[in-house]
Amino acid sequence: MPDIPLRSFRNKQAGYQPLDANSPNIINNLSPTPNDTAMNRSVSRAAAVANAERSRGNRIRRSGARPQRYVDDPEEAVGLLDSSREHGEDEEAEDQDQITEEDVGMRLPDSSKPSTKSTPSRLKTKKSPKAKAKGTIYTSRTIPFQPNSSLQHKFPPNIVRNQKYSVFTFVPMVMYEQFKFFFNLYFLLVALSQFVPALKIGFIATYIAPLAFVLSITIGKEAYDDYKRNLRDREANGQKYLVVDPPSSQSSSTSNSSLPFNTTSQIPNHLSTRALPSSSLLVGHLVRLQKNDRVPADMVLLWTSDPSGTCFVRTDQLDGETDWKMRIGVSETQGLGEAGVAVLGSTNSNGGTGEAEIYADAPTKDIHTFIGTFTLNRPLAALPDDDETHVIGDDEDEDGLVGSPTPTQRSPMLSHHPSHNPLTDVPMKRTNTKTRSGGATVSPLTAENVLWSNTVLASSGTVIGFVIYTGTETRAVMNTSKAGTKVGLLEVEVNGLAKILCTTTFILSLVLVALNGFRGGVFSSHTLIAVSRFLILFSSIIPISLRVNLDLGKSLYSNQIMTDSTIPNTIVRTSTLPEELGRVEYLLSDKTGTLTRNEMEMRKLHMGTMSYGQDSMDEVGRQLALAFASSNTDDHHTQHTQHNRGSSVALAHPNHTNSHSMGGGVGVAGAGGGRGRRDMSSRVKDVVQSLALCHNVTPVTNDDGSVTYQASSPDEVAIVTWTQSIGLTLVYRDRTKIVLRAGDTLPETLLTFDILSLFPFTSESKRMGIIVRDHSTGEITFLLKGADVVMARIVQRNDWLEEETGNMAREGLRTLVVARKRLSAAAYKEFEEKYHVASTSTGTTAGTSRAEAQSKVVEEYLERDMELLGLTGVEDRLQDEVRSTLELMRNAGVKVWMLTGDKVETARCIAISTKMVGRGQYIHEVAKVKTSDEMKSHLDFLQNKLDCCLVIDGESLQLCLNLFKNEFVEIATKLSAVVACRCSPTQKADIARLIRAHTGKRVCCIGDGGNDVSMIQAADVGVGIVGKEGRQASLAADFSVTQFSYLSTLLLWHGRLSYRRSATLAQFVIHRGLIISIIQAVFSAIFYFAPIALYQGWLMVGYATVYTMMPVFSLVLDRDVSRETALVYPELYKELVKGRVLGYKSFFEWVMISVYQGAAIMIMSLVLFENEFLHIVSISFTALVLNELIMVALEITTWHTYMIISEVVTLFFYVISIAFLPEYFDLSFVVTVGFAWKVAVIVGISAMPLWIVKVIKSRIAPAASSKLL
């Protein structure tokens, strides 16, 4: 790559000089005349080759010490490509120095030192420490236009793969996931033991069939889910895109002779294109996109059909924000036009070095940062004179009110100025710091010039992008974590209980064999067989039917959720987790689209002596109409629709004033008096017109002719929409001009204003400003709006601002203070000169950065003693019933965290309006923390004030997690509420994992955008909302809902009920297996410790299925309270979250019950009956079945029809089956009265004491739910 002698760009603009007013207008574009095309093309090629030759031996320093908002790897792997090495020439290597970012600037040092070593490879890499651990190498790259195939295939294929398995890994991985739990492994070993003749007991099917049933269901479900993922992957990978190829030599010659390289040359017929699937796109491809196309890979925007050189993209699947973001085409390629971009690099095929190349930094996760350069190896013409318009501000900061740049901020008319630099937005001409010898130029690239993968082109027209990252190196993939297999806490608890029972079974078997004397020795084969047979006999202690019952129960709960009419269209995508909904203790929620609708609405306007609410906005419109009517009567400068939008008006005389300009009677620069002498309509006009001008909103015409407003901040759109509703409409906006229309009826009044300067909103300044000049009068006005905390010291003294701001904030409204200051032409010229010096300073003088120098000039000349016009209150409309839902969550013991990519001020307002923060509760804000000492002081404060709400930004959060992870999570998890702002998708997921790991509690994450997928997948329970941001979060979630308010029913009713039912079912199934094992143990102990089965064959099969399964499974229909009670008393959820329903205490209670009942049934059977073995089997088994039916009845709180049916039908089946099992029952003995009363006695002895204990316990220590019945 040729030498790039650049200074740092964004904050350090040394080497640039402003255009002189008398600078000649040499050329407006790069294209020669048709007659000179061939000659200039050859000159360009010669210049490019000469530059490449001169670049040999030079060094370019690039490294990865770049501050980022959230980056995995502290060092970036780096490398450069030498373009001439494509021909196999041996080149001297480029040494690797550093690109450093000071504040937000980028520095590429000179390359005066010779190279000292050589390398055989064009692509150098350096693996960062974390990359080493992960085995992933990320490299920077320099990609020439039309690169060769070997270079393109060095980068990952552009394949989307969300599948969990392949054909070869499916069976092994599914089996591993199933048998890594002891519960399933135990059943597998027991089933396999039945193939050993010496260990065979009963029917093999009784051991194999349940296990096979469970595995078949699991494998089938996994196979189906992965098949659906495969279909989605194939659809995404197979989507076709147009790739622009260079024309052939013949067609290229024809095209070049007839196509001047300018923005008016848009002849798609001359383009050589081919359709390729997304998976076949490679780095270096030129991709042509149209409206609503999904961006298939990360690409630099080279050209757009919009004359301004900009386009809008929807990034909701990347950052969760529904507002359109503006992207800017590279100014040099925008000037070439569509056909000109297509032929760039076509000389590569003839052995040249290429006309252009792009350097792209190593891929990172940060979607807000990109560092790259565009190199054009041909001479650039000088810039023509520009007007006085420029945009001022810190380009790196994308936070705040306006966020990403908007058309007025960085949308020059690039078709007229092909060499305009979108980074600076100040008309400048390039000097040697930007232009290399031979005419090659290098332009910096930022995130504003890049279309990230998985975003969608929203604006009309066509764009061409240059692919720089593909596949796993795209921002979208790097911010998406792989979905793991989620296992519910109930499964883990049951698995733990199974280990206890297995240990108990082994000890019991060993004791019985020992009591028999270890015949043949302790380690003899006889002893091992005896112990193994006892283990198999007692295997029913851990019945495999437990898995069948639990899985069937989960399916029933899932069906009940999806058929609940109170939460329509709810979908359960992971049917193994319904019980987890009843264990949630932390709720992590997205903001935009989840808690809010992202629909802003202007609610209040306060002007000191007058306040207008939503119901009195018509009065504002009437006053505005009166003001314009009066202005038109007194003034003859009315502008009509035939006004020429492109006309230019010279600066008015410094003393010239006109009331038409801003509706005021004061023309002195900076004056703010005279308010008391002006009528109300004039004051209304002042504030409304200021709101219609001070913003970054652009009107966009849709395909159907309708007009929509686009901006990076929805509250600005809300304000402009409000001004339209009351009679002042924004009709046109570009970089240099704003046109407003007063009145909706003819004759119209068009008000045109030149934009002289724009001061973007930043999170540090908390305000934005604009300097406009009235087109008709020449009056210059500085307008400013911002947060009250900074505006209070800027505006004139008043006695109402602080009080009214507090009132609006308590209502959850987002407040903005509006002020203005009139400037004379001389005052503005003086400010402009001072500001330009600050803008082009190196930033090293007296240790002051460029941003600080700029801010100082603005404060000195503009932000002093400004006239306070009014205060606005904008409401971000919340989702239905958000406040009541969050209140229910808090009362249920669930701690709510809000994780958002939005700015601190917005998140703070939403936290107040949603009642996450209680009335009067202290909010502790942690933002822009840079040092460990500062962070430690914040943590010390929070430790002593746990009742406050913490608001922390992403940068401070990352610093905190790096330095004080344990301390932070220890304190934060005790706070009543936490709001994390400016979070990247990966940060959200890391927070969820951190809470899970530290607390061991269940975490539920809910979101609605693609940026929430990682968080949803990292949670114990992920809930996705189907909303404006698409279905990506819904498809990735375990549960899909359509409203946030459905969460209360999902957790407090269905979650609580599912967990309680499954816990009871698990305990009862274990009890059912344990009692029969106790009976077997007592029988073996009495009959000489022989490992002989008491119940064999069909009795065991029937006991696990027909005789007990229906009544036991009917417990999943039980409920202790009604739906209304569960939602009215959320404290019941808090009681269940403690996990006592399936704790060790309740488990050992059931063990003791089983031991007592098993021993009572077996001993009483031997006492009351003769020594005939058949009679002992019949009486004990009958008593056992009846005992279980009674125990189920005792456990039921609320009877259901199916419960009664299951009890009656089961008893009926048992009685009938006795007649068909003569080998187990002596019919002549069973039908006697003696059999009946003796069975009744045994059942009474085993069940009656338990009923008595239950009645006493309900009187002495009733359950919390029973108190509400």
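A polar contact, as the term is used in this tour, is a pair of N or O atoms within 3.5 Å, and residues adjacent in sequence count only if both atoms are side-chain atoms. Please keep in mind that the model on your screen is predicted.

Begin by selecting Asp590, Thr592, Asp1008 and Asp1012, which the UniProt annotation "binding site", taken from an unreviewed entry, covers. Although these residues are spread over 423 residues of sequence, they cluster in space, with a largest C-alpha distance of 10.8 Å.

Next, centre the view on Thr592, which lies in the loop between β18 and β19. Thr592 is buried, because its relative accessible area is 0%, and its side chain makes a polar contact of 3.0 Å with the side chain of Lys591.

Then move to Asp590, which is found in the loop between β18 (584-589) and β19 (596-606). With a relative accessibility of 2%, Asp590 counts as buried. If you show its surroundings, leaving aside residues up to four places away in sequence, you will find that Asp590 touches several residues, including Leu899, Ile1006, Asp1008 and Asp1012. Lys988 is also among the residues touched, and a polar contact of 3.3 Å joins its side chain to that of Asp590.

Now widen the view to the open sheet of 9 strands, whose order is β17-β36-β35-β34-β18-β30-β33-β32-β31 and whose pairing is mixed. At its edges stand β17 (571-572) and β31 (923-926), each with a single partner strand, so one side of each is left without a neighbour in the sheet.

Finally, select β35 (residues 1021-1025) and β36 (residues 1039-1041), which run parallel and are joined by 3 bridges; Ile1025 has Val1041 in β36 as its bridge partner.

Notes: Residues are numbered from 1 along each chain as its sequence is written. This is a predicted model: local features need pLDDT of at least 70, side-chain atom pairs count only at pLDDT 80 or more; totals for chains, interfaces and linings use all residues. Side-chain values use heavy atoms; hydrogens and water are left out. UniProt positions are given in the numbering used here, feature names are shortened, and annotations may be inferred rather than shown by experiment. Helices (H or I, at least four residues) and strands (E, at least two) are DSSP runs, numbered from the N terminus. Buried means under 20% relative accessible area, exposed over 50%, partly exposed in between (1.4 Å probe, protein chains only). Contact means heavy atoms within 4.5 Å. A polar contact is a pair of N or O atoms within 3.5 Å; within protein, one must be able to donate a hydrogen and the other to accept it, and residues adjacent in sequence count only if both atoms are side-chain atoms. Two strands pair if DSSP finds at least two bridges between them.
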